[in-house]
Amino acid sequence: MLDLAGYIPGSGLADKVIIEPACGGGAFMRPIAQRLAAEVSGSGSWERLAGAVAAYDIDGSSLELCKSELIPTLVSKGCPPDIAQDLVHGWLHHEDFLLADVPAADFVAGNPPYVRAVQIAAQKREAYCKALSCMTKGCDLYVGFFEKALQVLRPGGRLCFICADRWLQNAYGRRLRQRVSSAYCLEALLRMHGVDVFEEQVDAYPAITLIRKAPAAGALRFVSCRPEFGASDVKAVSSWLASPAAELAAAHFEAFEIPRPAGDDVYPLGSAKAVEFVTKARQKLQSLQNAGIKLGIGIASGCDAVFLTEDENLVEPSHLLPIFYPRDHRQGCAGRRRWLVNPWEQNGQLTCLDANPRLKAYFEAHKEVLQKRHIAQKNPAAWYRTIDKLIPGLMDRDLLLMPDLAAEPEPILSHGLYPHHNCYWLASDNWDLKVLGGFLLADTTRSFIEVLGVKMRGGTLRFQAQYLRLIHLPPFEDLKAEIRRGLRRAFVEKDRTAATGFAQLAYEDALR
């Protein structure tokens with residue numbers, strides 16, 4: 001990573017500044033110290049290195065460990081012990097990098113902590129959001145490290161991090177993508193999901209990201225590493241990154257260039273073949289919504305333990321709504337019946353409990369639990385409402401339902417069931433939904449989700465609205481009759497192979 005950033009001995013490192021924003025026990029600081037020592041060893045001008053490094057950490061014990069590593073490292077390279085101690089004490093800062101007064105830098109390198117948004121203390125999160133414009137309440141912590149590091153880079157300076165790359169594709173990374181595209185150049189990305197890259201087992205989706213403070217130019221150099229990727233592959237990857245003349249397909253990685261998206265658009269990341277297909281489809285075809293397909297999410301109740309029931313006689317029949325519950329489908333219990341205990345009237349107004357004595361008795365039995373919800377505290381008089389209102393008429397039309405979490409796309413044709421929050425619904429006035437279901441079942445749809453969406457552990461995909469909206473389709477009216485029949489039959493028979501074959505034919509016709 002230091003080589004990739006250009007932090008190389010003999011290039012005047014003593015006169016430049018490198019920042020390590022979360023130095024921990026010194027995994028990056030040790031080679032940084034060794035490279036700086038190589039710059040001045042023999043000259044005796046060790047004091048020149050005093051301002052060459054600024055390293056931060058909020059954990060005092062980690063900083064002590066780092067000091068115990070760095071001082072002997074410098075001494076072993078010929079630095080007098082007293083000067084080595086002074087240098088290291090000056091380099092290390094017991095501060096929060098995101099809130100510290102950080103000097104301008106030529107390089108920023110390291111491994112920012114992967115802390116999920118929900119694990120950030122509320123007071124800290126508020127301070128980060130106030131200090132950093134790309135940080136929102138939903139952002140994981142590493143997003144702040146990217147923004148702060150970019151802020152302190154001098155013109156031409158480089159950032160090189162190993163951490164999650166999810167900001168390139170999910171909603172909370174939109175502001176950071178916009179920031180990078182407006183004033184920086186994302187030069188290279190080495191995606192290393194599943195690769196054993198850290199000293200300890202960690203819960204992360206690692207990638208090496210190289211960003212330069214300069215106008216964007218050329219394509220993004222992308223390396224997709226397989227889990228078997230190891231030290232023996234580094235030389236070949238480094239050579240390709242230095243001179244990416246053509247696509248390189250090796251045993252443990254694939255390297256190719258990707259057209260750079262504009263603004264806050266998501267980055268297409270995956271295999272070369274899939275990226276090429278998805279990029280071309282997005283350039284030439286209509287998005288799912290522009291093709292006349294409506295998209296939405298099922299109802300969020302805010303307390304499924306109260307609002308969902310398997311007792312069809314629990315309250316008045318007019319306030320029991322048949323519901324599609326995706327977990328039952330995944331577990332092979334599609335025949336299991338559930339109802340939403342529905343607090344809404346058909347006109348969209350919250351029902352009067354006094355007019356429904358059984359409903360009133362049921363909700364009041366659970367009043368204490370329901371009142372604790374945020375939605376109820378915002379409007380105490382509506383303490384028994386669900387988070388979402390019902391969409392009028394949704395149950396009266398055919399829907400294609402897509403469960404959120406799945407290894408493969410699993411479109412389900414439904415009528416008369418209201419979708420639960422953990423699945424998304426599609427409806428259309430001009431598409432035959434069975435033909436559309438064939439498209440959604442096909443591996444071409446999987447390609448869109450894999451290339452444009454974040455992946456979960458174990459290869460599970462997220463079929464969320466933000467990614468389904470990125471699917472592009474051939475116009476329905478342009479589909480040949482035999483392709484429509486084939487997609488319709490493949491959907492009815494749940495034949496993914498046949499669906500893929502007909503979808504590929506449709507795309508080939510449309511993209512010629």
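**Briefing: strands, a helix pair and one exposed lysine**

K284 counts as exposed because its relative accessibility is 53%, and the cut-off for exposed is over 50%. The model described here is predicted.

**K284**
- K284 lies in helix α9, which covers residues 272–284.
- In sequence, K284 and L473 are 189 residues apart.
- In space, the C-alpha atoms of K284 and L473 are 9.5 Å apart.

**Strand β5 and its partners**
- Strand β5 (residues 153–164) pairs with strand β4 (residues 105–110) in the parallel sense, over five bridges.
- A105 has L153 in β5 as its bridge partner.
- Strand β5 also runs antiparallel to strand β7 (residues 206–212), and seven bridges join the two.
- L159 stands opposite I211 in β7.
- In a regular strand, side chains alternate between the two faces of the sheet.

**Helices α2 and α3**
- Two packed helices are described by the angle between their axes and by the distance between those axes.
- Helix α2 (residues 29–40) packs with helix α3 (residues 60–76) at an angle of about 20°, and the axes are 10 Å apart.
- Helix α2 is therefore roughly parallel to α3, because angles under 35 degrees count as roughly parallel.
- The crossing of α2 past α3 is right-handed.
- From α2, the contact is made by M29, R30, A33, Q34 and A37; from α3, by C66, E69, L70, T73 and L74.
- By class, this contact of α2 with α3 has six nonpolar, two polar and two charged residues.

Note on methods:
Residues numbered from 1 in each chain as written. Predicted model: local features only at pLDDT ≥ 70, side-chain atom pairs only at ≥ 80, totals over all residues. Heavy atoms only, no water. Pairing = 2+ DSSP bridges. Helix = DSSP H or I, 4+ residues; strand = E, 2+ residues; numbered from the N terminus. Axes fitted to C-alpha atoms, helices over the stretch in contact; angles between N-to-C directions. Parallel < 35°, antiparallel > 145°, perpendicular 65-115°, else oblique. Left-handed = near helix turned anticlockwise from the far one by under 90°. Contact = heavy atoms within 4.5 Å. Nonpolar A, V, L, I, M, F, W, Y, C, P; charged D, E, K, R; others polar. Buried < 20%, exposed > 50% of the residue type's maximum accessible area, 1.4 Å probe, protein only.
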